[in-house]
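Please work through each task before reading its solution.

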Amino acid sequence: MPINQAYRLSVAPMMDWTDRNCRAFHRALSSRALLYTEMVTAPAVIHGDRDYLLGFDEVEHPVALQLGGSDPAQLAEAARIGEAYGYDEINLNVGCPSDRVQSGRFGACLMREPELVADCMAAIRSAVGVPATVKCRIGVDDQDPEVSLFATVDACAAVGIETFIVHARKAWLKGLSPKENRDVPPLDYGLVRRLKRERPHLTISINGGIGTLDQAEALLAPDEYGVQLDGVMLGRAAYHEPALMGQVDRRIFGEAVADIDPYQALENYRPYMQSRLDQGFNLASMTRHMMGLMHGRPGARAFRRILTVEGVKAGAGLEVLDRAIEAVRDAEAARAA
């Protein structure tokens, strides 16, 4: 599938969450959504354990690599390595507000340096043949978002960058924790819509505070001027209630397909899990991403408990998952009786 179509719905890069096991799990729920890695710094890609940092399974496509950094030469080298690994897109993080990111002069603090962002993106774009994209905030601290967002986007567009994912909040680098930065600064969806209206030739996706597919559909609908955003990016909603991803292909991409329910998703995910187990990886590294899958169903608590308690034991295999599934089926049957 062309990657520009996959932007219609993507799952955000989330540190400690969107590892390769999580992405393969989300792929078991949606064949169309664009998936992102956790952010990896350019020096780590260049000097670190590449197979550990960049390895992924073919089932994950389309999948994008998100890089962190502010040195154009390093980013170009890391991007080339990422493309060689088979990633479908190279994305630059211009939105993460953590202290570690600030001290390294990358992430959201780069909103203050649009020309440097553009230099980084020019270097990435010249290094790879796959799309080079930006994920940014609307501004940081006391910046005027109407100035900072457009300055960053326009500087990057001037060097040939066409695709932007905008987290529709400021990042407060002084006074708010990374967690608070995901909730406290107010959302400004209107500004992101205005960006698309005034820069219609660019691909603009919106991120931040999108908790349901109803919200996603509303954001993808034409505004009062008849202008439509190109995509939505889900974050914590996709992780904590992954069952909603099973409706994405039908509701967001308009495919004439049946939704994938949690049971079907686990069946889809099963070959991947067995393959990883056969390679010596532990069950909990995969099941930790599915704790919210049965949310709202009878037996959901038992499902989580079995995976949490038994999944971490040495030698735990798919029989643990089968017991967890059976607990839900039994609870559903008891309620229906």
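**Exercise 1.** By class, how many nonpolar, polar and charged residues does the lining of the second largest pocket have?

*Solution.* The model is predicted: local features need pLDDT of at least 70 and side-chain atom pairs count only at pLDDT 80 or more, while totals for chains, interfaces and linings use all residues. Residues are numbered from 1 along each chain as its sequence is written, and side-chain values use heavy atoms, without hydrogens and water.

Step 1. A pocket is an open set of points on a 1 Å grid over the protein atoms alone, where a 1.4 Å probe fits, with protein on both sides within 12 Å along at least five of seven lines; lining residues have an atom within 4 Å of a point.

Step 2. Ala, Val, Leu, Ile, Met, Phe, Trp, Tyr, Cys and Pro count as nonpolar, Asp, Glu, Lys and Arg as charged, and the others, Gly among them, as polar.

Step 3. The lining has six nonpolar, five polar and nine charged residues. Asp19, Arg20, Glu38, Tyr52 and Leu53 lie nearest the centre of this pocket.

**Exercise 2.** State which classes line the largest pocket.

*Solution.* Step 1. Its lining consists of 30 residues.

Step 1. These comprise 15 nonpolar, 10 polar and five charged residues.

**Exercise 3.** Describe how helix H7 and helix H8 pack.

*Solution.* Step 1. Helices (H or I, at least four residues) are DSSP runs, numbered from the N terminus.

Step 1. H7 (residues 114-127) and H8 (residues 145-157) pack at about 35°, with axes 8 Å apart. Axes are lines fitted to C-alpha atoms over the stretch in contact (heavy atoms within 4.5 Å), and angles run from 0 to 180 degrees between N-to-C directions.

Step 2. By class, the contact of H7 with H8 has seven nonpolar, one polar and one charged residues.

Conventions: Helix = DSSP H or I, 4+ residues; strand = E, 2+ residues; numbered from the N terminus.
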